[in-house]
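Hi everyone, thanks for coming. Let me put the structure up on the screen, and then we can walk through it together.

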Amino acid sequence: MTFSLHGIGVSGGYAIGRAQVYSQDRLEAPHYLLRPEHLEVEVARFSAAVAAVRAEMLSLQAHIPEGAPAELSAFLNVHVLILNDAMLSEAPKRRIHSERCNAEWALAQQTEALIAQFEAIEDDYLRERRNDVRQVADKVLKELMGHPGHAPLRPALEGESILVAHDLSPSDMVLFKRHDFAGFITDLGGTTSHTAILARSLSLPSVMALHSARAFIQDGDWLIVDGVAGVVIVNPDVAILDEYRLRRNQWQLEQKKLRRLKTSPSATLDGLEIELQANIDLPGDVGQARGENASGIGLFRSEFLFLNRDDLPSEDEQFEAYRHVAREMVGRCVVIRTLDVGADKSVRWLTDTSVNPALGRRAIRLCLAEPQIFLSQLRALYRASHYGQIKILLPMLASLTELDQALGLIATARGMLRAEGIPFDEETPIGGMIEVPAAALAAEWFAKKLDFLSLGTNDLIQYTLAIDRTDDTVAHLYDPLHPAVLALIDHTLKIALKLGKPVSICGEMAGDPKLTRLLLGLGLTRFSMHPAHILTVKQQVLRSHVGDLAPLARKLLRAGRPERIQEYLEQINR
Ligand code: PEP
Ligand code: MG
């Protein structure tokens, strides 16, 4: 019988194959009471299980297959850290004593308590980490119960296989990488889960958050994974299968063609050079940026160095991270944004009591309120500037007074380094993000004081349209083509051009190939996006003639009504 399941398409494309159901059945922890004289033996049994799992994880880490995504090692690290955390590796021992129970039960109780704490966290990214805790605890439980590891994956069935799993941990991904799956689907996983992040970097068609795929799909069922629509079709009939085979073949051809664009210069038909840069979150992402031949790093979201930890990264730790990226990009520019925490990116050391954190003390506001944190980052950035082409980017600017204060602290950091005789690049450019409508409207005054501008359209849209970008219920109102948004972008581009200041877009709009030609028509020549989008955007650049697009883009700006805007967009993309 044919049926379909709907989830979130986290990585585009189509895959067709037979289901290979990955057995990860959760084990029920047995519960029994122990005599006091047996408790120490039980504690030792627990410690041995933790040690065995740790050894397995370290061995996996040492044998990451070539070509595995850069993030994999970092994610395995997270699992080792979770395992080493006293809340998981020590607290169950205390429970064994206090509850006089067996190790499995003590671990299961402690895991539930930890997960309940994660459930209460508002931040989506941190809340998702409960799955990592569960995955690590399950490994220890299996070891205790004499079922180390998962059931091994069988060799792929004839033809292409689709992996069907309840959930996949980073270490499952290591195994997964050794098999040749055409795609995968999972019951769990939100858009910010580690598995989703890995799926994107593997560029395999995948659908997550299907809830009950494992329950409804049998080993060997025919599956179509539509990673574009986020749909899985189970046992499709011949007509559907034929249709999707066609789509898949077209998609595969397009992917092959795209790879060939990697080394071609990024220029329009009328000879305009277009910079296609990469957005990265962690120093390890720089490999993927280089892999796609990014012309630079247009946005390094430095705040990721500050997340998932209780303390602040030291100046030296930051310096190493920034220097690493600068060196890896050998001579290409690396735009590093100063700390942009607050709102959806919460850090443990910051107790934010704002009623509306997106409008609260976040990003540059926070840095100005905590000058020691800001100065330590600025010093690290300037120290790293000695080793590559670093540019500093200030987020969330809204008033010129803030900009003056930030420039004052920048001068202080430079003065300190000079006095200490530490070498740095005196000419390091300072840029500002235009992501608050006030900054876009006042772009002229900001641009005069800065070396470059970067349009953060994710926040610019959020603040212009008064739509919380983290709120599902208003997600449908998030509209990059709203005339007000386009007017602010256009105004900023014109000001930058008039004053001869470089300007880029580093929000999601820059990586959307449907918008590339419109943005080119509006005069944008510098795009920064997730590395996975660079080649698709380059494909659009290569078939564009800016001289022809400009008048159409002007018409679209004046169109006003959404249906007229869509008509012009179709014309632009034709
Ligand atoms: C933006 O707001 O467009 C941006 C690039 O920054 P972030 O998504 O990190 O807020
Ligand atoms: Mg932003």
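I'll begin with the chain as a whole, then go to the metal site, a helix and a leucine.

First, some housekeeping. This is a predicted model, in which local features need pLDDT of at least 70 and side-chain atom pairs count only at pLDDT 80 or more, while totals for chains, interfaces and linings use all residues. Residues are numbered from 1 along each chain as its sequence is written, chains are lettered from A and ligands numbered from 1 in the order in which they are written, and side-chain values use heavy atoms, with hydrogens and water left out.

So, the overall picture. The chain holds 23 helices and 16 strands; these are DSSP runs, H or I of at least four residues for helices and E of at least two for strands, numbered from the N terminus. Its C-alpha trace spans about 80 × 70 × 45 Å along the principal axes. Of the 574 residues, 52% count as buried, meaning under 20% relative accessible area, with exposed over 50% and partly exposed in between, using a 1.4 Å probe and protein chains only. Among contacts between residues at least 6 apart in sequence, 70% join residues at least 24 apart, where contact means heavy atoms within 4.5 Å.

Now the metal. Which residues coordinate the magnesium ion, ligand 2? They are Glu 435, through OE, and Asp 459, through OD, at 2.1 to 2.2 Å. Glu 435 sits in the loop between strand S13 (430-434) and helix H16 (437-441), and Asp 459 in helix H18 (residues 457-465), so that this pair, 24 residues apart, links distant parts of the chain. Donors here are N, O and S atoms within 2.8 Å of the metal (3.2 Å for Na, K and Ca), and water is not among the atoms, so sites may look incomplete. Both Glu 435 and Asp 459 are buried.

Let's stay with H18 for a moment. This helix is mostly covered, with 8 of its 9 residues buried. Its cover includes S13, H16, strand S14 (452-455) and helix H19 (483-499).

Last stop: Leu 397, in the loop between strand S12 (389-394) and helix H15 (400-420). Leu 397 counts as buried because its relative accessibility is 1%. Leaving aside residues up to four places away in sequence, Leu 397 touches several residues, including Met 433, Val 436 and Phe 446. Leu 397 and Val 436 are 39 residues apart in sequence, yet 7.0 Å apart in space, C-alpha to C-alpha.
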